[in-house]
Structures are given as structure tokens and as C-alpha cells.
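Colleague: Please put the structure up. Then let me ask about it piece by piece.

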Amino acid sequence: MKFKLYTIITATMLLISFVACSQPLSQPEQEFFDRCKEMQKNIEQAQSIASGLEHFNWNEFSAIGILFPPGGICPVGNLPIVEKASVAKELVDRVVPLPERLPSPKTAEVYSVQCDNCLKLAREVCLQSPYNESLASAAGPEKITLAQWQQSCSQLQSALQGAEYLASRDKTIAADYTFPQLLAYFTASEEKVKQKYLDKFMAKSDEYIKLHDELIQNVQQARQTAIDLSNWQFGPQDISAQ
């Protein structure tokens, strides 16, 4: 079934290319398809960033951890970050490795799933636009109406909004809570720990936030394009078959 669907989509795209070569596109059509390419490129870039975040790790901080008070005592104030190798044996069990308190790469797996779904929906929106309705017979006996196509656009917008929400949520938690708290813990640590790890921590956390900013920006741009496409003013000849 998947092979048949792939064959149909491939055949349709080949027909679109053939028609585009043999029959020049009007300016509105060209602009429409240019915006489609722009939207898909933004999603692909977001997809690539999501993949990078899946492999983002904090391994360089595996040798240090947060020293918590003994069991039964609630931690108050800033806790020190220590090198595990330098901690007395009786304190080792109270040291929580720093990577365990940093954002997990697993959260980015959801971004990848969302981006994959968004890219699939974006391709469908562009492929099934009223400009391509003349080729619908090559893709199957059923044609979609303008209303159905606009519904697909709405689904794409919702999917992109969901991806943006997840990335923004995780970025906010990291930037407003996790990283500032750990930075405060570094200030309560020994000087040798700060000299060895603080700058690395600052650079790594900045990189994490920057990747989220880039992902969010690409998703936002794609969503705005999806909105613009859904409100596209097609000519009467483009929707005459609807």
C-alpha cells in the first residue's frame, strides 16, 4: 500500500514537472509554489535541528555532580557542585551527577516526530492545491474540494503550532529555571570546580538555547507561510472544478 501511494505521488510530481516545463506557470502560481518550497525548507531545517538536539549530550559534565544534604534534610539555598572523584566515600551516595539535572535528549525525540508529521502534511498541502487539481485524475479518481484543502492547511497549522509549543516550553524551563539554578549552584562551589567547568557550562547551555531558538524560528516561519497559503486568492479557473 505504501509503495502504491509512493508511486502515485511520484507520478503526480513528474506530471507537475512536465506541465511546468511545457506550460509556463502564471505569476500567482509561481509565487504559490515558491512559498510551498520555502515552507518545506523551513520544516526540513527544523527537522535537522531536532535531530541535532536528539544527539545533544552533557557528557563533559559526567565527572561532577550536586552534593545533596543527608536523607531527611530538605535542601535549602544553593547546593555545591563537586567533583565526584574528590568526594569522601561516605558522601558519594549524596552526589547526583550533573547530567541527570540537565535537559534530556529524549525530549527532542518528540520534536522529530512532530517535524516529520508537519513535513508530510506540508507536502500534501502543496501537492493537493487547486493549482494541481487538473492533475488530480493521475493521482486517483477522487478530487478534494477547496474546503477540504483548506482543512488540510488548518491541520498543518495546528501541527506546526504544537511543535512550536513543545520547543518553546522546554526552552523556557531550561532558560528560566534549570540553567539559572545550576549557575547559582556553581557559585556555591569550590573555585577549582568553577574554573574547570563554569565556562564550559555557560557555553553549552547557550548552545542548547540557541538550537531551540533556531528550531522555533523555522517552525514559526513555516506556520506563517501555511497561513498565507490557506488564504491564497485562487482564480476562478483554478477552483472551477470544486
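Colleague: In which sense do β1 and β2 pair?
Modeller: Two strands pair if DSSP finds at least two bridges between them. Strands (E, at least two residues) and helices (H or I, at least four) are DSSP runs, numbered from the N terminus. β1 and β2 share three bridges. The sense of the pairing is antiparallel.

Colleague: What kind of model is this?
Modeller: Residues are numbered from 1 along each chain as its sequence is written, and side-chain values use heavy atoms, with hydrogens and water left out. Local features need pLDDT of at least 70, side-chain atom pairs count only at pLDDT 80 or more, and totals for chains, interfaces and linings use all residues; this is a predicted model.

Colleague: Which strands are the edge strands?
Modeller: Three strands form an open, antiparallel sheet in the order β2-β1-β3. An edge strand here pairs on one side only. The two are β2 (81-83) and β3 (95-97).

Colleague: How are neighbouring strands turned against each other on average?
Modeller: Axes are lines fitted to C-alpha atoms, for helices over the stretch in contact. Angles between N-to-C directions run from 0 to 180 degrees. For this sheet, with direction ignored, the average is 45°.

Colleague: Which residue of β3 does Ile-66 stand opposite?
Modeller: Three bridges join β1 (residues 64-67) to β3. Gly-65 has its β3 bridge partner in Pro-97. On the β2 side, Ile-66 stands opposite Ile-81. In β3, Ile-66 faces Val-96.

Colleague: How do α2 and α3 run relative to each other?
Modeller: α2 (residues 27-54) and α3 (residues 106-127) pack with axes 8 Å apart, at an angle of about 165°. Angles under 35 degrees count as roughly parallel, over 145 as roughly antiparallel, 65 to 115 as roughly perpendicular and the rest as oblique. So the two helices are roughly antiparallel.

Colleague: How many charged residues are in the contact of α2 with α3?
Modeller: Contact means heavy atoms within 4.5 Å. Among the α2 residues that meet α3 are Phe-33 and Glu-44. Ala, Val, Leu, Ile, Met, Phe, Trp, Tyr, Cys and Pro count as nonpolar, Asp, Glu, Lys and Arg as charged, and the others, Gly among them, as polar. The contact has 14 nonpolar and four polar residues, and the charged ones number five.

Colleague: How many residues apart in sequence are the parts that Phe-32 and Trp-149 tie together?
Modeller: Rings of Phe, Tyr and Trp (its six-membered ring) pair if their centres lie within 6.5 Å; planes under 30 degrees apart are stacked, over 60 edge-to-face, the rest tilted. The structure holds 13 aromatic pairs. Phe-32 and Trp-149 are tilted, 6.1 Å centre to centre with 40° between planes. Phe-32 lies in α2 and Trp-149 in α5 (residues 146-187), so the sequence separation is 117 residues.
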